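The exercises below concern a single protein structure.

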Amino acid sequence: MRSRPLGRLTTALICAVSLFGVTALSACSSSTSADGGSGDKITLGFSAWPGWFVWEVADKQGLFKKNNLNVEMKYFDNYTDSLNALATGAIDGNSQTLNDTLVSVSGGAKETIVLVNDNSTGNDKIVARNGIASIADLKGKKVAVEQGTVDHYLLLLALQEAKLTEKDIELVPMATADAAAAFKGGQVDAVGAFQPFADTALSREGSRAIAT
């Protein structure tokens, strides 16, 4: 999450997260707006990852207002757009992976992690069509992935283990949802995707996950 304004933002977010079993600080915010929420609005971004939809549940159930928090949820169809929005200050906080947060920080973005609300084990996958049994078989093949994301990183790690590099494949840069759809439609040979898009890819007949 962004460090601006760190004290009020961090406190409010942790208080919000306490609704899901995380220990909260002793106070959230003393200023109250006319609608019953905190005087300082926090805009929190999220995208299509199952572990982040808990924020949507909190919003729909009115849990933020019940706890005197003024939180605006902003959904991003494109995960990369949410990363850019946080890095440029367009939103106050975002749901994103540790890997992508480190990339942003290394590029100069002033961000602070205030909560780990999900752990992924195996939900990021490299899915390949029938006839491709391993990462080594990707040599010379078309692989769709959203560049700069954790799935791109997974692909690079898998290629390295197979003694290949990105230059050994034909990389097709696409947003994750579009990449999964392109794979399902037979336009590429493999795809790097997270859930629920990994399941979209696996719905292609004969496909399999060759790295997770």
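This is a predicted model: local features need pLDDT of at least 70, side-chain atom pairs count only at pLDDT 80 or more; totals for chains, interfaces and linings use all residues.

**Exercise 1. Overall make-up**

Determine how many helices and strands the protein has, and what share of its residues is buried.

Solution. The protein has eight helices and eight strands. Of its 212 residues, 44% are buried. The accessible surface comes to about 10400 Å², and carbon and sulfur atoms hold 50% of that area. Among contacts with a separation of 6 or more, 70% join residues 24 or more positions apart.

**Exercise 2. Salt bridges**

Step 1. K41 is paired with E72, and their closest N and O atoms are 3.0 Å apart. K41 belongs to the loop between α1 (6-17) and β1 (42-46) and E72 to strand β2 (residues 71-75), so the bridge ties together parts that are 31 residues apart in sequence. K41 is partly exposed, with a relative accessible area of 48%, and E72 is partly exposed at 36%.

Step 2. K60 is paired with E56, with the closest N and O atoms 3.7 Å apart. Both residues lie in helix α2 (residues 54-60), four residues apart, about one turn of the helix. K60 is exposed, with a relative accessible area of 63%, whereas E56 is partly exposed at 24%.

Step 3. R129 is paired with D189, the closest N and O atoms being 2.8 Å apart. This pair links distant parts of the chain, 60 residues apart: R129 lies in the loop between β4 (125-128) and β5 (142-145), and D189 in the loop between α7 (176-184) and β7 (190-193). Because buried means under 20% relative accessible area, D189 at 16% counts as buried. R129, at 22%, is partly exposed.

**Exercise 3. Aromatic pairs**

Classify the pairs W55 with F64 and F194 with F197 as stacked or edge-to-face.

Step 1. The ring centres of W55 and F64 are 6.4 Å apart and the planes meet at 20°, so the pair is stacked. Both W55 and F64 are buried.

Step 2. For F194 and F197 the centres are 5.5 Å apart and the planes are at 75°, so the pair is edge-to-face. Both F194 and F197 are buried. Together with W49, W52 and Y79, they form one aromatic cluster.

**Exercise 4. Charges over rings**

Identify which rings K74 and R204 lie over.

Solution. The charged end of K74 sits over the ring of F76, 5.4 Å from its centre. R204 lies over the face of F183, at 4.7 Å from the ring centre.

How values were computed. Residues are numbered from 1 along each chain as its sequence is written. Side-chain values use heavy atoms; hydrogens and water are left out. Rings of Phe, Tyr and Trp (its six-membered ring) pair if their centres lie within 6.5 Å; planes under 30 degrees apart count as stacked, over 60 as edge-to-face and the rest as tilted. Buried means under 20% relative accessible area, exposed over 50%, partly exposed in between (1.4 Å probe, protein chains only). A charge sits over a ring if NZ of Lys or CZ of Arg is within 6 Å of the ring centre and within 35 degrees of the ring normal. Helices (H or I, at least four residues) and strands (E, at least two) are DSSP runs, numbered from the N terminus. Contact means heavy atoms within 4.5 Å. Accessible areas come from the Shrake-Rupley method with a 1.4 Å probe; for residues, only the protein chains shown count as cover. A salt bridge is a side-chain nitrogen of Lys or Arg within 4 Å of a carboxyl oxygen of Asp or Glu.
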